[in-house]
Every structure is written in C-alpha cells, then in structure tokens.
Amino acid sequence: MSAPAEPTSPHDPTTPAEAASEAAARLAELTGVPRHDVAVVLGSGWLPAVDLLGETVAEIATTDLPGFSAAAVVGHSGKIRSVRAGDKSILVFLSRTHYYEGKGVRAVVHGVRTAAAAGCRTIVLTNGCGGLKESWTPGTPVLISDHINLTGRSPIEGAEFVDLTDLYSSRLRALCREVEPTLDEGVYVQFPGPHYETPAEIGMVRAIGGQLVGMSTTLEAIAARQAGMEVLGLSLVTNLAAGISGEPLDHSEVIEAGRAAATRMGNLLGAVVPRL
Ligand code: 8IG
C-alpha cells in the first residue's frame with residue numbers, strides 16, 4: 001500500500017506548528033481559558049468516562065477551531081471540552097482523527113500539537129484496542145509500556161531525530177499504579193486499519209513482542225514527544241485480538257465494552273489526571 005498524500009503539500013507555507021498556534025489561540029478565545037495544563041484524548045470506549053474527569057468549563061466543536069475536520073466514527077463525538085480538575089485545566093478531546101481516514105498524518109496529530117501550543121506539558125492518550133492476553137477480559141484497562149508503529153509513517157517532517165526512549169513515561173505509569181495497583185501493562189502495536197487483523201497478523205504481533213493492537217496512538221505519541229510533552233498511554237481492551245477467541249470481531253461489541261467499563265475508566269482518569 002502506498003502512503004496517502006498529505007492534503008497540505010510540502011509547499012504549503014503554513015507549518016504544522018503555526019497551524020497549531022492558530023488553533024490554540026482560537027481555543028483560548030472560545031473557552032475563555034488562556035492556558036491548559038493536561039490534554040486527554042478519549043478513544044473508543046472511553047467517552048462515557050468524561051463526566052467523571054471534573055467540572056466542565058466550556059465545550060466547543062472541533063470544527064470551530066482551524067485545522068480540524070469532522071469526526072467520522074460512531075462512538076466518537078467531535079467535541080473538545082475544557083474541564084477543571086483540582087487546580088488544573090484539562091483539555092479533553094472527545095474524538096480523534098484516525099490515520100485510516102486518509103486525511104494525512106498532519107491531520108492525525110493536529111490535536112496533539114494544538115494541546116502543546118495551548119500550554120499542555122502532559123498528554124493522556126487513550127484508546128480501545130484488541131488484547132492478546134486471554135486474562136484481559138473485555139473492559140480491562142492496560143498501561144501502554146511502549147509501542148510498535150506499523151503505519152510506516154512519522155508525524156515528524158524533515159531531518160529531526162527525536163528520541164523515543166521511555167516515550168510512555170515510566171513516572172506516569174508508576175503514578176497510575178499508586179491509584180490502581182493491579183494495572184497491567186503491554187506493548188501497543190498500531191496497524192493502519194480500518195480493517196481488523198487477520199489471525200496470522202496477530203501471530204506476527206505476538207512474535208514481535210506486542211500485546212495490544214489498535215489503529216491509533218503511536219503517531220500522536222511521537223508528535224507529543226517532539227513537542228516536549230510527557231505521555232501517558234492507556235488502552236481499554238474491548239476485545240480479544242483476532243483468532244484468539246474463535247469469534248469474529250464486532251464494532252458494536254467494542255462500544256458496549258466501553259459503556260460497561262465506564263465507571264472504572266472514569267474513576268481511574270478522575271483520580272490520575274489531577275495528579276499529573
Ligand atoms: I476497539 O482488535 C479495537 N480497535 N487493529 N484491532 C485493531 N484495532 C482495534 C481492535 C482490534 N479493537
């Protein structure tokens with residue numbers, strides 16, 4: 001498969017950082033919040049947890065900000081919320097742009113760059129995903145310890161050699177375990193999607209050291225590190241990966257597992273985010 005062309009060409013005079021600054025300025029105007037401290041991106045299954053994060057200060061449509069396009073997936077709402085939790089202003093993305101939408105890698109990471117431009121020094125990237133360990137029953141949250149990016153793409157443009165050691169902060173993982181000591185961790189493997197894996201591909205994932213499979217997060221995490229943010233990655237295992245249970249994968253099952261796990265996810269995020 002050849003990589004889709006970026007909608008904004010290399011000749012576009014607006015750099016990704018400039019586009020993010022413009023979005024952050026508009027965000028400050030529309031929310032009345034001049035700076036945010038922590039960003040949270042909610043993936044499949046995490047949306048019901050949002051109301052347990054803190055007190056909503058403002059909610060806007062992502063399309064109110066320059067550079068964002070409409071959300072495309074059932075279970076993803078195209079909104080951005082400013083939430084107050086303790087002494088922190090939290091910027092919550094209720095949806096994300098996925099790589100498989102074909103809008104290009106710039107579009108995938110524009111929210112992350114906007115969060116950095118809005119002042120966020122920490123970002124929590126959540127997702128719904130498939131799990132390879134049978135002990136991870138649907139609805140189990142798992143800390144991302146590292147990733148394998150199988151998109152073959154990078155959000156970084158040009159010769160900037162960004163270090164990805166400890167990308168998923170061991171400090172933040174330890175902090176999560178203070179809240180929930182039983183949290184397991186695993187290596188997240190991003191496929192381009194939007195189809196799920198074949199059982200043979202899941203065999204490959206096991207062979208290369210992955211335990212979680214999904215269609216998001218790795219490009220965002222790289223862009224966050226490039227922008228100097230500390231990253232916490234949290235997966236919600238909503239299904240066993242293909243070929244493990246013998247049952248086919250079903251998107252409605254994914255949404256239902258999130259609903260059922262909402263209180264646990266909400267309590268975890270609500271306890272962790274104010275301490276970040
Ligand atoms: I939710 O099993 C969810 N997203 N690639 N594989 C991939 N993405 C997913 C899966 C899965 N479950």
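Reply: The protein has six helices and nine strands; these are DSSP runs numbered from the N terminus, with helices being H or I over at least four residues and strands being E over at least two. Keep in mind that this is a predicted model, where local features need pLDDT of at least 70 and side-chain atom pairs count only at pLDDT 80 or more, while totals for chains, interfaces and linings use all residues. Residues are numbered from 1 along each chain as its sequence is written, and side-chain values use heavy atoms, with hydrogens and water left out.

Now the overall build. The C-alpha trace spans about 50 × 45 × 35 Å along its principal axes. For 276 residues, a compact globule would come out near 19 Å in radius of gyration, and the 17 Å found here agrees with that. (That radius is taken over C-alpha atoms, and the globule rule is 2.2 Å times the number of residues to the power 0.38.) Of the 276 residues, 51% count as buried, meaning under 20% relative accessible area; exposed is over 50%, and partly exposed is in between, using a 1.4 Å probe and protein chains only. Take the contacts, meaning heavy atoms within 4.5 Å, between residues at least 6 apart in sequence: 83% of them join residues at least 24 apart.

On to the interior itself. In soluble globular proteins, nonpolar side chains tend to be buried together. A nonpolar core here is a set of buried Ala, Val, Leu, Ile, Met, Phe, Trp, Tyr and Cys residues joined through side-chain atoms within 4.5 Å. The largest one has 36 residues, and L91, F93, I123, L212 and V231 touch the most other members. Helices α1 (16–31), α2 (105–117) and α5 (218–226) each put in at least two residues, and so do strands β1 (38–41), β4 (88–93), β5 (122–131), β6 (140–149) and β9 (230–240). The top contributor is α2, with five residues.

Leaving out residues up to four places away in sequence, V231 touches I123, L125, L167, Y168, S169, L172, A221 and A224. There is also a second, separate core of 28 residues, which includes L42, L183, M265 and V273.

Next, have a look at P141, which sits in strand β6. P141 is buried, with a relative accessible area of 2%. With residues up to four places away again left out, the list for P141 is E180, L183, S235, L236, R264, M265 and L268.

T217 has a phi near 80°, positive although the residue isn't glycine; T217 lies between β8 (212–214) and α5 and is buried, at 0% relative accessible area. D166 also has a positive phi without being glycine, near 55°. D166 belongs to the loop between β6 and α3 (170–179) and is partly exposed, at 38%.
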